[in-house]
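Please open the structure in your viewer and keep the selection tool at hand. The stops below say what to select and what is there.

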Amino acid sequence: MTERTVIQRDSVPRLAAHTRLRFDKARDSWTIQAPERSFMLDAIAHAIVSRCDGAATVEAIVGDLCRAFEGAPRDVIETDVLKLIQDFADKGVMAA
Amino acid sequence: MTFIEAPMALLAELTHRCPLQCPYCSNPLELERVAQEMRTDEWLRAIREAADLGCMQIHFSGGEPTVRLDLETLVAGATEVGLYTNLITSGVLLDEARMKRLVEAGLEHVQLSFQDSEAAGGDRIGHYTGGHEKKLEAAKLVRAAGLPLTANFVVHRQNADHLEAMLDLAVAIGAHRAEIANVQYYGWAILNRAQLMPSRAQLEAMVATVEAARERLRGVLVIDFVVPDYYASRPKSCMGGWGRRFLNISPSGKVLPCHAAETIAGLEFDNVRQRSLGEIWRDSSAFNRFRGTGWMPEPCRSCDRREIDWGGCRCQAFALLGDAAQTDPACGLSQHHAHMVEIAAEDSAAEAAEFVYRRYRNPSRVGSEQ
């Protein structure tokens, strides 16, 4: 990896190799297990991350979330999705 | 009654044996011998109990964990119970066949230590000729196996000026993450404090280098930077709070709240050979001694950061003040903070003598033999 991955609408995000999405019974929370780090996911973060399957584009994920969370404005959802995925990409937790 | 959370991670110190002799080793001065080490089945039981208790990650450490020939079995055992597995290694004993077996067992991440950015310094600091070269080979094996890699650099006055080159090396070997950790002063590192303590000017240069690199390498390399406590104004949240997030098992099965906890006189540690990990986590006097905020003196007790830094580091309070129940003197609010700053100024200005290398022998004789 020599260049930063910049997440855009047509990016196809996925969890980076060797990170794991895992439900933790002890804390009743979805988590991402990554090298020497654990990330606790709230309901919104889980809704986003669980849709990053390496097949769907960011645009498709946003569309799916709009249907799942009726009433939320699309531009707000898109901003949140891009921000979260970019942040995880910068932390090496997600790839695209 | 203090609320007891589930631990996040187990640090499994499989052995104290190690081919390297780094003078800041976090192992105790009294290194445990091979005859004291837990058997494979004992480790496997402890690993299962850690997962049951709520641990999500396991860090296989040492000493050098790859000297244990059952490492693969233990990694497989941890994988089976859903733990995220991390190997913390010097890399000098890794070869392709071993790497392959570890990956097959489910290993998910490797943290590889470097003692410097180049061989001359690295081999001298680790006291192992040819070590640096072997580490570069090990990095290739890890990346060829497709595993993510963290490059760990312990920094101090004798290599701090190479920080830029260390970060370049981390990128060159394909590391995803670099851990730039200033020496923490317990045990062996205290014996070598004057040989290791950076100056304030060195610290400022390190901070500038890290900040610039974080900007330049955003999305390429994640950089974790551990500052030297002696120059801090607020203490580190040591272990995320005593008995709150981590447990550490020593090679012989002693269960410790942190890897340096044995430096604190008067604490008694339970052994996972005798009691379950769950019982120890909940009931052990050593874990409960500094858990939560009830033990705190002033200025911690009324401080609005008491649940952020949890009073800092108990081992440091003991090492410098002889009392683990005091505020970590790394805190600017500690009445002893000025003393700590003086120590750092004196040590960093003193001429650096030879290292006292980490070896198996009577530690009370170590100093005088050099």
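Predicted model: local features only at pLDDT ≥ 70, side-chain atom pairs only at ≥ 80, totals over all residues.

**Stop 1: chain A as a whole**

Starting at the N terminus, the order of elements is β-β-β-β-α-α-α-β. The radius of gyration of chain A is 13 Å, close to the 12 Å from the globule rule for 96 residues, so chain A is as compact as a globular protein of that length.

Of the 96 residues in chain A, 27% are buried. Counting contacts in chain A between residues at least 6 apart in sequence, 54% join residues at least 24 apart.

**Stop 2: two helices of chain A**

Next select residues 58-68 of chain A, helix α2, together with residues 74-90, helix α3. Their axes are 10 Å apart, and the helices pack at an angle of about 130 degrees. That angle makes α2(A) oblique to α3(A). The crossing of the two is right-handed.

Now show the side chains where they meet. From α2(A) come V58(A), I61(A), V62(A), L65(A) and C66(A). They meet R74(A), I77(A), E78(A), V81(A), L82(A) and I85(A) of α3(A). Sorted by class, this contact has nine nonpolar residues, two charged and no polar ones.

**Stop 3: two helices of chain B**

Move to chain B and select helix α2, residues 71-80, and helix α3, residues 96-105. How do the axes of these helices cross? They come within 8 Å and cross at roughly 20 degrees, which means that α2(B) is roughly parallel to α3(B). The crossing of α2(B) and α3(B) is right-handed.

To see the contact, pick E72(B), V75(B), A76(B) and T79(B) on α2(B), then R101(B), L102(B) and A105(B) on α3(B). These residues divide into four nonpolar, one polar and two charged.

**Stop 4: where the chains touch**

Finally, show both chains. How many residues of chain B are in contact with chain A? There are 20, and they touch 20 residues of chain A. On the chain B side, the elements that give two or more residues are β3 (84-89) and β4 (109-114); select these two strands. The residues on that side of chain B comprise eight nonpolar, nine polar and three charged.

How values were computed. Residues numbered from 1 in each chain as written. Chains lettered and ligands numbered in written order. Contact = placed C-beta atoms within 7 Å. Helix = DSSP H or I, 4+ residues; strand = E, 2+ residues; numbered from the N terminus. Nonpolar A, V, L, I, M, F, W, Y, C, P; charged D, E, K, R; others polar. Axes fitted to C-alpha atoms, helices over the stretch in contact; angles between N-to-C directions. Parallel < 35°, antiparallel > 145°, perpendicular 65-115°, else oblique. Left-handed = near helix turned anticlockwise from the far one by under 90°. Rg over C-alpha atoms; globule rule 2.2 N^0.38 Å. Buried ≥ 20, exposed ≤ 12 C-beta atoms within 10 Å, placed from the backbone.
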